[in-house]
Amino acid sequence: MSDLKAVEIKAFVPARDFELSKRFYTDFGFTMASDTGGVAYFHVGECSFLLQDFYDRALAENLMMHLLVEDVQAWRQGVGDSDLAGRYGVTVGDVTEQPWGMLDFVVSDPSGVLWRVAQNL
């Protein structure tokens with residue numbers, strides 16, 4: 001097992017409306033690097049995920065993504081400035097100090113996937 005090396009791990013995030021979700025994630029702060037065959041590759045810095053043109057309600061509503069950032073207040077300000085809640089009808093929470101030693105806020109995407117954007121304290 002000593003020769004096993006990992007390069008990256010990415011989640012496949014479901015999209016009920018693929019085109020709407022691509023716009024949402026761009027407005028959320030991600031860059032879409034590719035979009036081929038029903039899978040769009042999104043990243044910000046070294047963090048990435050694959051948005052898929054596939055939807056299963058139970059999967060979407062039970063999937064949570066965690067994005068660790070350097071400045072959670074700046075991310076929350078960007079989400080507010082982009083008016084994600086108004087433009088996409090999603091839920092956006094306030095920054096809260098968590099008992100596990102992080103500041104974070106939550107955002108639901110248009111398909112019901114929950115994102116927890118956090119900063120270590």
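Predicted model: local features only at pLDDT ≥ 70, side-chain atom pairs only at ≥ 80, totals over all residues.
Phenylalanine 12 stands opposite leucine 50 in strand β4. Five of the six residues of β4 are buried, and the strand is mostly covered.

**The four-stranded sheet**

- The open sheet consists of four strands in the order β1-β4-β3-β2, and its pairing is mixed.
- The edges are taken by β1 (12–14) and β2 (31–36); each has a single partner strand, so one side of each is left without a neighbour in the sheet.
- From one strand to the next, the twist averages 30 degrees.
- Strands β1 and β4 pair in the parallel sense over three bridges.
- Strand β3 (residues 39–44) pairs with strand β4 (residues 47–52) in the antiparallel sense, over six bridges.

**Aromatic pairs**

- The structure holds 16 aromatic pairs.
- Tyrosine 25 and phenylalanine 30 have ring centres 6.1 Å apart and planes at 75 degrees; the pair is edge-to-face because planes over 60 degrees apart count as such.
- Tyrosine 25 and phenylalanine 30 are both buried.
- Phenylalanine 49 and tryptophan 115 also form an edge-to-face pair, with 5.3 Å centre to centre and 65 degrees between the planes.
- Since phenylalanine 49 lies in strand β4 and tryptophan 115 in strand β8 (residues 114–120), their pair ties together parts that are 66 residues apart in sequence.
- Phenylalanine 49 and tryptophan 115 are both buried.
- Ring pairs join Phe24, Tyr25, Phe28, Phe30, Phe42, Phe49, Trp75, Tyr88 and Trp115 into a cluster.
- An aromatic ring also meets a charge: the charged end of arginine 76 sits over the ring of phenylalanine 105, 5.9 Å from the ring centre.

**The nonpolar core**

- In soluble globular proteins, nonpolar side chains tend to be buried together.
- The largest nonpolar core of this model has 28 residues, and those with the most contacts inside it are Tyr25, Phe28, Phe49, Leu51 and Trp115.
- Two or more residues of this core come from each of α1, β3, β4, β5 (64–68), α3 (72–82), α4 (84–88), β7 (102–108) and β8.
- Helix α1 gives the most to the core, with four residues.
- Leucine 51, one of the core residues with the most contacts, touches residues beyond four places away in sequence that include Val13, Pro14, Phe18, Tyr25, Val39 and Phe42.

**Lysine 22, a buried charged residue**

- Lysine 22 is found in helix α1 (residues 18–28).
- The relative accessible area of lysine 22 is 9%, and the residue counts as buried because this value is under 20%.
- Leaving aside neighbours within four places in sequence, lysine 22 is in contact with Met32, Asp35, Ala40, Phe42 and Leu51.

How values were computed:
Residues numbered from 1 in each chain as written. Heavy atoms only, no water. Buried < 20%, exposed > 50% of the residue type's maximum accessible area, 1.4 Å probe, protein only. Contact = heavy atoms within 4.5 Å. Pairing = 2+ DSSP bridges. Axes fitted to C-alpha atoms, helices over the stretch in contact; angles between N-to-C directions. Phe/Tyr/Trp six-rings, centres within 6.5 Å; stacked < 30°, edge-to-face > 60°. Lys NZ or Arg CZ within 6 Å of the ring centre and 35° of its normal. Core = buried A, V, L, I, M, F, W, Y, C linked by side-chain atoms within 4.5 Å.
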